[in-house]
Amino acid sequence: GADMAIFDEAKAQPSGEGFTAPPVESYTPPEALDAVQRVVAAGMKLVYRKDMAEDVKAEVARDVPTGQMLAQAAVGWLLMLDKQAPQGIPENIMAYSLQALVGEAAEIAVGAGRPVSQDEFEDGVMLGHQLMARKLGYNDEQIMQGAQQGGQPSPQPAAQPGPQSQGAPA
């Protein structure tokens, strides 16, 4: 009956393949969403630029564990974007943007013939937060505390007022 159809559908998914990146809206607080979506859009523009094609291809083909590759790719892109932003990107915005860019790295990897599982995607997100925190100068103890509090290094990002994007005069 209906149960068999569900079973057949599940079987059609090659085992160990496929990941689902949650939509940015599902984990980003509403007040940060606009800025995060802008960073993610800039990230997409960056990775699909013609002059980046070779770098991106080489990045997803690297012979390291998939989670590590995803983390390093996403953090590398975020740091490039941070350098390009006149005031830099506030840490909390970078943290929320990271997961979407890990998802993008995973999409690119899959497109290039490197399968990515849900576990590998989640590893990429976790390792990405740790790598990012290190690059931002947090020590391992702060990073571990952050991991226990849901992946952000302490101090909690909410306590860091980023540049206001309400068009207030600077």
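Visitor: Leaving aside neighbours within four places in sequence, what is Ile93 in contact with?

Guide: Ile93 is in contact with Ala32, Ala35, Val36 and Val39, once neighbours within four places in sequence are left aside. Keep in mind that this is a predicted model.

Visitor: Where does Ile93 lie?

Guide: Ile93 lies in helix H5.

Visitor: Is Ile93 buried or exposed?

Guide: Buried. Its relative accessible area is 7%, so Ile93 falls under the 20% cut-off.

Visitor: How many Å separate the C-alpha atoms of Ile93 and Thr28?

Guide: The separation is 8.9 Å. Along the chain, Ile93 and Thr28 are 65 residues apart.

Visitor: Let's zoom out. What does the secondary structure come to?

Guide: Seven helices and zero strands. Read along the sequence, the pattern is α-α-α-α-α-α-α.

Visitor: And how much of the chain is buried?

Guide: Buried residues make up 38% of the 170 residues. As for contacts with a separation of 6 or more, 70% of them join residues 24 or more positions apart.

Visitor: How many residues are in the largest nonpolar core?

Guide: It has 38 residues. Those with the most contacts inside it are Val36, Leu70, Trp77, Leu78, Ile93, Val102 and Val116. So your Ile93 is on that list, because it is among the residues with the most contacts inside this core.

Visitor: Which elements give two or more residues to this core?

Guide: Helices H2 (30-47), H3 (53-61), H4 (66-84), H5 (91-111) and H6 (118-135).

Visitor: Which one gives the most?

Guide: H5, with eleven residues.

Visitor: Leu78 is on that core list too. What does Leu78 touch?

Guide: Leu78 touches Val39, Ile89, Met94, Ser97, Leu98, Leu101 and Met132. Residues up to four places away in sequence are not counted there.

Visitor: Back to H2 and H5. At what angle do their axes cross?

Guide: Roughly 35°, and the axes come within 9 Å.

Visitor: Is that crossing left-handed or right-handed?

Guide: The crossing of H2 and H5 is right-handed.

Visitor: Which residues make the contact?

Guide: From H2, they are Ala32, Ala35, Val36, Val39, Val40, Gly43, Met44 and Val47. H5 brings Ile93, Tyr96, Ser97, Ala100, Leu101, Glu104 and Ile108.

Visitor: How do those residues divide into nonpolar, polar and charged?

Guide: Twelve are nonpolar, two are polar and one is charged.

Visitor: Stay on H2. How far does it reach?

Guide: H2 reaches 26 Å from its first C-alpha to its last. It has 18 residues, and the reach is close to the 26 Å expected at 1.5 Å a residue.

Visitor: Which residues of H2 are buried?

Guide: Ala32, Leu33, Ala35, Val36, Val39, Val40, Gly43, Leu46 and Val47. What covers them includes H3, H4 and H5.

Visitor: Now H6. How many residues does it have?

Guide: H6 has 18 residues. It reaches 25 Å from first C-alpha to last, close to the 26 Å expected at 1.5 Å a residue. The buried ones are Phe121, Gly124, Val125, Gly128, His129, Gln130, Met132 and Ala133.

Visitor: What follows H6?

Guide: Gly137 follows, with a positive phi near 90°.

Visitor: Why does Gln99 count as buried?

Guide: Because its relative accessibility is 14%, and buried means under 20%. Leaving aside neighbours within four places in sequence, Gln99 is in contact with Pro22, Tyr27, Phe121 and Val125.

Visitor: What about Glu107? Buried, exposed or partly exposed?

Guide: Glu107 counts as partly exposed, at 46% relative accessibility. It also lies in H5. Glu107 and Phe19 are 9.1 Å apart in space, C-alpha to C-alpha, and 88 residues apart in sequence.

Visitor: And Glu91? What is its relative accessible area?

Guide: For Glu91 it is 28%, so that residue is partly exposed.

Visitor: Last one. Where is Pro23 found?

Guide: In the loop between helix H1 (2-12) and H2. Pro23 is partly exposed, with a relative accessible area of 47%. The C-alpha atoms of Pro23 and Gly103 are separated by 9.7 Å, and the two residues are 80 residues apart along the chain.

Technical notes
Residues numbered from 1 in each chain as written. Predicted model: local features only at pLDDT ≥ 70, side-chain atom pairs only at ≥ 80, totals over all residues. Heavy atoms only, no water. Core = buried A, V, L, I, M, F, W, Y, C linked by side-chain atoms within 4.5 Å. Buried < 20%, exposed > 50% of the residue type's maximum accessible area, 1.4 Å probe, protein only. Helix = DSSP H or I, 4+ residues; strand = E, 2+ residues; numbered from the N terminus. Contact = heavy atoms within 4.5 Å. Axes fitted to C-alpha atoms, helices over the stretch in contact; angles between N-to-C directions. Left-handed = near helix turned anticlockwise from the far one by under 90°. Nonpolar A, V, L, I, M, F, W, Y, C, P; charged D, E, K, R; others polar. Expected span 1.5 Å × (residues − 1).
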